[in-house]
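I open this notebook page to record, step by step, what I looked up and what came back. The entries follow the order in which I asked.

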Amino acid sequence: MTERTAGATPRRTSLMQLDARTKSRNAAEARFKAYGLGAITIALLALAMLMFSIFSTGSSAFRQTYATFEMMLPAETLDPKGNRDPAEMAKVTTIGYQNVLRGGLIEAVRSAGIVPDGVADSDITGILSPEAAADLRNRVLANPELVGTVVDIDALAHGRIDGYFKGRVTMQSAERDGNITPQRLQLAQAMTDNGLMAIRFNWGFVTKPDASDQRPEAAGLGVAILGSLYMMLVVLVLAVPIGVAASIYLEEFAPKNRWVDVIEVNISNLAAVPSIVFGILGLAIFINFAHLPQSAPIVGGLVLTLMTVPTIIISTRAALKAVPPSIRDAALGIGASRMQSVFHHVLPLAMPGILTGTILGLAQALGETAPLLLIGMVAFVRDYPDAPPAGLFDPASALPVQIYNWTQRADPAFVERASGAIIVLLAFLLVMNAIAIILRRRFERRW
Amino acid sequence: MNDMRIVERLVSTNEIKIAARDVNVHYGSSHALKGVDVDILNGHVTAFIGPSGCGKSTFLRCLNRMNDTIPSAKVTGSILLDDEDIYDPKVDPVRLRAKVGMVFQKPNPFPKSIYDNVAYGPKIHGLTRSRAELDEVVETSLKKAALWNEVKDRLHAPGTGLSGGQQQRLCIARAVATSPEVLLMDEPCSALDPIATAQVEELIDELRTQFAVVIVTHSMQQAARVSQKTAFFHMGNLVEFGETGQIFTNPHDPRTESYISGKIG
Ligand SMILES: Nc1ncnc2c1ncn2[C@@H]1O[C@H](COP(=O)(O)OP(=O)(O)O)[C@@H](O)[C@H]1O
Ligand SMILES: [Mg+2]
């Protein structure tokens with residue numbers, strides 16, 4: 001008894017009454033929870049705002065205004081020799097097709113009973129995209145038998161017309177715009193009312209190549225998506241085996257000495273190097289020294305590989321470290337070799353972590369812009385690259401660079417395109433993360 | 001009756017399986033094992049006892065070169081298995097470990113099916129030529145480990161889904177399946193409840209007829225129950241080594257006596 005009274009004197013308190021200590025402790029906990037909740041709310045709000053702004057400006061990029069009408073393709077102008085030989089027919093230029101298109105359009109407008117007010121017959125094609133004539137020419141050259149028949153024309157409307165239907169262009173702004181007149185907008189409106197013009201889903205946005213400053217309505221992501229896919233292919237083929245093999249060696253086989261420590265520190269440093277530095281390195285090594293072509297996915301892929309390998313090594317080593325050593329002991333204890341213990345037991349257990357790290361590394365590489373600017377991926381590329389492997393050396397663009405590129409252009413229609421491209425990029429990232437989650441689930445049956 | 005049979009067996013198989021002479025182990029600068037001489041006999045269970053940290057596991061891991069996996073560990077001295085030096089540069093530790101199996105303190109089944117756990121050793125060592133033969137090895141190994149009756153209906157269920165005691169017996173079956181000549185067990189019962197412990201102890205006595213068994217234990221009762229020879233370690237030294245009965249009833253060294261009577265440890 002005497003010993004107990006020497007310490008804190010026992011007090012008799014009621015459970016129903018909170019003392020000061022408990023109150024302040026509870027208050028601290030409540031404050032902490034409030035901070036946490038606040039932080040999460042801010043993050044979610046920022047995300048929602050970002051998504052809203054991107055989707056509200058970008059989703060319209062997937063819809064485009066088209067003029068649709070039927071017309072006869074006159075054989076005498078498009079194939080003067082009459083032998084349907086594409087080589088001969090190629091002599092008719094885009095301007096020739098522009099004239100043909102004009103005739104068809106005037107005919108279609110007349111027969112619909114529309115009287116164009118203030119739009120002369122000579123500039124009625126001003127409501128179509130300059131791309132429309134080129135499209136028609138490509139279509140005819142690909143299939144010469146169309147000449148002399150009645151075909152369905154599906155012509156891209158001019159970017160300003162498209163902007164009018166999307167609310168970007170008004171009668172007032174058309175007044176001051178050299179590219180469009182209010183009269184043409186009225187004609188477009190009348191054509192829409194008569195079913196000659198409509199806004200609908202635009203596959204061209206994801207399949208067509210980029211277009212020049214004057215024709216935003218024709219610009220697409222086809223070349224950029226291909227370029228990005230090719231680069232991911234290079235990264236996948238190079239970075240994953242190199243990164244995984246290096247981590248397995250470092251984690252499971254390398255002697256633990258000073259050299260390995262130095263290597264380890266440097267890998268962490270590499271992962272922290274700003275990506276533009278890798279771009280400079282790539283420019284110096286792959287283009288100036290190795291003379292690989294500029295703007296080619298192979299160079300972009302190599303640079304992104306340099307960037308991704310450290311990330312993959314770090315996540316793979318973490319995954320290998322997380323495998324309990326008792327599994328290695330168990331395998332070695334019954335006479336498995338190091339290699340057998342790693343490949344039969346350690347790797348399968350580390351697989352979910354390795355896959356997650358790898359896919360996140362790839363996703364990071366997919367969104368990387370700065371190093372690609374330095375190796376010339378900003379070039380304006382209209383031609384699709386060939387199928388790999390040869391196509392890896394053809395010029396191409398990349399999704400993030402295409403976004404950057406479009407935000408630099410003057411025409412506000414490109415703002416919509418850039419936001420649309422961001423949606424495509426985000427969709428790719430979302431798919432990759434979903435794959436990461438699915439693979440992790442699949443391999444994570446740890447029993 | 002039972003005791004008579006044990007004595008008979010003792011006499012019949014008194015050959016030395018492993019002879020360790022002047023074994024020293026350093027972990028970096030710390031001297032963990034100091035000049036240990038031990039003979040492991042065929043057909044015997046040899047128990048290593050001693051307070052924790054005295055070097056029992058370290059010595060056990062010398063016997064199948066598991067210490068090779070610890071970079072800082074340095075082993076000197078000679079350990080002969082059937083008169084062959086296991087630390088000879090020509091010896092592949094992988095071959096050695098197929099002959100000297102090991103069961104660890106914590107049950108560590110592979111996260112695979114019960115069948116695959118047991119079949120793994122025979123597979124990598126190419127011990128069987130057909131699926132039927134492999135099935136048979138798995139069955140006899142599980143029977144030797146007294147686990148067959150409990151798992152024969154769920155051989156393809158995960159090994160990690162078994163209870164602790166069953167997992168440890170699965171690990172024993174896994175070690176037995178490679179037909180080792182020596183079986184090393186490092187505190188195999190420390191994670192088990194008394195019933196599972198009793199089962200494993202019974203098993204050890206069975207296994208002794210086929211292998212030389214070495215068991216590390218911190219429980220003196222267990223050593224007394226299962227072993228014929230006992231080695232008492234203290235602070236890296238082998239203090240006393242002899243017949244289990246003699247060690248427990250008539251220890252020569254005062255340190256052994258105070259450990260057994262509970263004064264140190
Ligand atoms: N991997 C290791 N690295 C460094 N020291 C170790 C290692 N393993 C054991 N030791 C040391 O060696 C001594 C003996 O350990 P151990 O053989 O595990 O003892 P026991 O199994 O008898 O409890 C202890 O002092 C321990 O700290
Ligand atoms: Mg131990």
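How many residues does the contact take from chain B, and how many from chain A? I note before answering that this is a predicted model. I counted the contact and found that 26 residues come from chain B, while chain A gives 18 residues.

**Entry: the area between the chains**

**Entry: polar pairs and elements**

I searched the interface of chain B and chain A for salt bridges, and the rule finds 0 of them. The search for polar contacts between chain B and chain A, in contrast, gave 5 residue pairs, with both residues at pLDDT 80 or more.

I next listed the elements of chain B that give two or more residues to the side touching chain A, and these are helix H3 (93-99), strand S6 (100-103), helix H4 (114-125) and helix H7 (164-177). Of these, H4(B) gives the most to that side, with 4 residues. Sorting the residues of the chain B side that touches chain A by class, I wrote down 14 nonpolar, 8 polar and 4 charged.

**Entry: ligand 1**

Which residues surround ligand 1? I found Tyr27(B), Ala32(B), Ser52(B), Gly53(B), Cys54(B), Gly55(B), Lys56(B), Ser57(B), Thr58(B) and Ile70(B) around the ligand. Helix H2 (residues 56-63) of chain B supplies the largest share of this shell, 3 residues, and by class the shell has 4 nonpolar, 5 polar and 1 charged residues.

I then looked up distances to oxygen atoms of ligand 1. For Gly53(B) the atom concerned is a backbone N or O atom, and it lies 2.7 Å from a ligand oxygen. For Ser57(B) I noted a polar side-chain atom at 2.5 Å from an oxygen atom of ligand 1, and for Thr58(B) a polar side-chain atom likewise at 2.5 Å from a ligand oxygen. As for cover, ligand 1 on its own has 560 Å² of accessible area, and the protein covers 59% of that.

**Entry: backbone details**

In chain A I looked at the peptide bond that joins Pro388(A) and Pro389(A), and I recorded it as cis, with omega about 5°. Pro389(A) sits in the loop between helix H17 (370-374) and helix H18 (399-407) of chain A.

In chain B I noted that Arg65(B), although not a glycine, has a positive phi of about 60°. The loop that holds Arg65(B) runs between H2 and strand S4 (73-81) of chain B.

Note on methods
Residues numbered from 1 in each chain as written. Chains lettered and ligands numbered in written order. Predicted model: local features only at pLDDT ≥ 70, side-chain atom pairs only at ≥ 80, totals over all residues. Heavy atoms only, no water. Contact = heavy atoms within 4.5 Å. Salt bridge = Lys/Arg side-chain N within 4 Å of Asp/Glu carboxyl O. Polar contact = N/O pair within 3.5 Å; in protein donor to acceptor, adjacent residues only side chain to side chain. Nonpolar A, V, L, I, M, F, W, Y, C, P; charged D, E, K, R; others polar. Near = heavy atom within 4 Å. Areas by Shrake-Rupley, 256 points an atom, 1.4 Å probe, with all protein chains shown as cover.
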